[in-house]
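Student: I have a new model open on my screen and would like to talk it through. Could you help me read it?

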Amino acid sequence: MSIIMKQINKSFGEPPVNVLKNISGTIQDGEMVSIVGRSGSGKSTLLYIISSLDQPSSGEVIVDDVSISKIDQKELHRFRNQKMGFVFQFHHLLPELTALENVMMPTLKCPYDKNRKIFAHELLNEFGILDKADRLPSQLSGGEQQRVAIARALVMKPKFLFADEPTGNLDSANGQLVMNLFLRINKERATTIIYVTHDSLFAQMASRQIHLVDGKIVSKD
Ligand SMILES: Nc1ncnc2c1ncn2[C@@H]1O[C@H](COP(=O)(O)OP(=O)(O)O)[C@@H](O)[C@H]1O
Ligand SMILES: [Mg+2]
């Protein structure tokens, strides 16, 4: 069992508006899960909470036997760096660094290990952009930038990959390419992947869908 959600509630503002309502469930190791629902239904909020980027107002999230809201910030940062990769709609690459340097960013927090650099090259090669390793993000297409961001998310060999609308800013061909990479990563590396999308075809590529309506899970398949 990898991620356990226990009666998660999340509210924002004063008076509080309840955005997630009593969400419970389990995501097993090696699953590929899509989170779907209308805009404003709470998809991003749920993803951020289960990936430790935000805290629930009440309830608990347990990842690999660790209650992530109960550990201190330093431990949490280490946990995240070792176990979790993140991909967002906008790639957030650093503009002054090359593609390869961007991919290597998460490794800078760890003792030097030449295998990391070899692995970063392998990822760029696998994603079809090794010949662009020395380019700046501005010299890459949107699809290539997103592939660099995915390589960066994977360079630490995380057990979990979280993605919020990873195809939201791409044309359909590049969106398909990103989804195919996700399928491959899930299959070949057994990475657990949880992604938000509002594209129903992309959502169906998951082994399971979590469907949110108004902050509640209405179906889990
Ligand atoms: N930081 C915040 N402060 C106040 N309201 C928020 C905040 N984040 C999200 N919300 C509200 O919570 C609801 C769900 O947001 P979100 O999880 O981003 O939805 P989705 O990703 O499904 O479009 C929305 O009504 C949104 O306005
Ligand atoms: Mg969202």
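This is a predicted model: local features need pLDDT of at least 70, side-chain atom pairs count only at pLDDT 80 or more; totals for chains, interfaces and linings use all residues.

Student: In which sense do strand β3 and strand β8 pair, and over how many bridges?

Tutor: Residues are numbered from 1 along each chain as its sequence is written. Strands (E, at least two residues) are DSSP runs numbered from the N terminus, as are helices (H or I, at least four), and two strands pair if DSSP finds at least two bridges between them. Residues 32-36 of β3 and 192-196 of β8 pair in the parallel sense, over four bridges.

Student: What is the order of the strands in the open sheet?

Tutor: Six strands form this sheet, and the pairing is mixed. At the edges, β6 (84-87) and β10 (216-219) each pair on one side only. The order is β6-β7-β8-β3-β9-β10.

Student: Which strands does helix α5 touch?

Tutor: Helix α5 covers residues 142-154 and packs on the sheet. Contact means heavy atoms within 4.5 Å. The direction of α5 makes about 165° with that of β6, using lines fitted to C-alpha atoms (for helices over the stretch in contact) and angles from 0 to 180 degrees between N-to-C directions. The strands touched are β6 and β7 (160-164).

Student: Is Gln28 buried, partly exposed or exposed?

Tutor: Gln28 sits in the loop between β2 (17-27) and β3. Buried means under 20% relative accessible area and exposed over 50%, with partly exposed in between (1.4 Å probe, protein chains only). Because its relative accessibility is 38%, Gln28 counts as partly exposed.

Notes:
Chains are lettered from A and ligands numbered from 1 in the order in which they are written. Side-chain values use heavy atoms; hydrogens and water are left out.
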